[in-house]
Amino acid sequence: MKYIGMPHLMWAMFNKSFKKQLVETFNESIHSSKEITKLAKKKYKKIIKELPVFDKKDMFLKIAINCCLLISFLLSVESLPGLDEVTLFYRRAMSTKTMKIFSKLKGKKIFKKNMIKKLEEVSKARYGDKNSCSWNFDLIPYPNSSGYERRFYKCGVCTLMKKYGLSAYTKALCRYDYDMATLCGTYKFVRKDALSNGAPYCDNGFVKINQ
């Protein structure tokens, strides 16, 4: 994959917030945060280049690129912090004003018929069988149209984090699912099992609010 289009856009959108959190969460100096960000950009471009090309209809490319962003910064700091710090770092870096607006718009669409249809199509396509960094999942409706579960059997985040020796931090991205639910404001996110915990699948549930 090339550093154009979405990969370039995502770096432009989030590199400043990641750099800011190097100081506020990782306690780096302003000078070192600039140097780390420069190094992270080089690593990010390399990681993107190594990323398999996603199908145009694969809706999970953005999540893979977000993962690449985090990986590039983690590989650029002198010493890795603990999981809780990385979780906070990622949450703060991703929760920009633009992201909050995007999330509100996403929240209004997540249960619409056209979104359900798109999820069904992506589920049947099994992009994870063709792309090592994509996802496979089943879409399981809840009773009384109260929501649905996306049951993931393959996770691009798990693949990418393992590839770069960062599996211990996979949960930092998993936990952001709950933050996204808060930002969207139209559903409650629930999960009992996760691939990152060694379970056979992630039972990601999206329950409508105010039913």
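This is a predicted model: local features need pLDDT of at least 70, side-chain atom pairs count only at pLDDT 80 or more; totals for chains, interfaces and linings use all residues.
Trainee: Where does Ser146 sit in the chain?

Mentor: Ser146 belongs to the loop between strand S1 (136–141) and strand S2 (147–154). For a sense of span, take Phe26, 120 residues from Ser146 along the chain. The C-alpha atoms of Ser146 and Phe26 are separated by 40 Å.

Trainee: Now helix pairs. At what angle do H3 and H7 pack?

Mentor: Read the angle, then the axis distance. H3 and H7 pack at about 25°, and their axes are 9 Å apart. Angles under 35 degrees count as roughly parallel. H3 and H7 are therefore roughly parallel to each other. The crossing of H3 past H7 is right-handed.

Trainee: Which residues of H3 and H7 meet?

Mentor: On the H3 side, Ile63, Ala64, Cys67, Cys68 and Ile71. On the H7 side, Val157, Leu160 and Met161. By class, this contact has 8 nonpolar residues, no polar and no charged ones.

Trainee: H3 also meets H4. At what angle do their axes cross?

Mentor: Helix H3 (residues 61–74) and helix H4 (residues 83–94) cross at roughly 125°, with axes coming within 12 Å. That angle makes H3 oblique to H4. This crossing is right-handed. The contact brings Asn66, Leu70, Phe73 and Leu74 of H3 against Val86, Phe89, Tyr90 and Met94 of H4. The classes are 7 nonpolar, 1 polar and no charged residues.

Trainee: And H5 with H9: why are they called roughly perpendicular?

Mentor: The band for that label is 65 to 115 degrees. Helix H5 (residues 97–109) and helix H9 (residues 176–184) pack at about 75°, so H5 and H9 are roughly perpendicular to each other. Their axes lie 7 Å apart.

Trainee: Which residues make the contact of H5 and H9?

Mentor: H5 supplies Met99, Lys100, Ser103, Lys104, Lys106 and Gly107. H9 supplies Tyr176, Met180, Leu183 and Cys184. Sorted by class, the contact of H5 with H9 has 5 nonpolar, 2 polar and 3 charged residues.

Trainee: Last feature. How many salt bridges does the structure hold?

Mentor: The structure holds 9. Check each one by the distance from side-chain nitrogen to carboxyl oxygen; the limit is 4 Å. Take Lys163 and Glu50: their side chains meet in a salt bridge at 3.7 Å, N to O.

Trainee: Which parts of the chain does the pair Lys163 and Glu50 link?

Mentor: Distant ones. Lys163 lies in helix H7 (residues 156–163) and Glu50 in helix H2 (residues 30–50), 113 residues apart.

Notes: Residues are numbered from 1 along each chain as its sequence is written. Side-chain values use heavy atoms; hydrogens and water are left out. Axes are lines fitted to C-alpha atoms, for helices over the stretch in contact, and angles run from 0 to 180 degrees between N-to-C directions. Helices (H or I, at least four residues) and strands (E, at least two) are DSSP runs, numbered from the N terminus. Angles under 35 degrees count as roughly parallel, over 145 as roughly antiparallel, 65 to 115 as roughly perpendicular and the rest as oblique. Contact means heavy atoms within 4.5 Å. Ala, Val, Leu, Ile, Met, Phe, Trp, Tyr, Cys and Pro count as nonpolar, Asp, Glu, Lys and Arg as charged, and the others, Gly among them, as polar. A crossing is left-handed if the near helix is turned anticlockwise from the far one by less than a right angle, and right-handed if clockwise.
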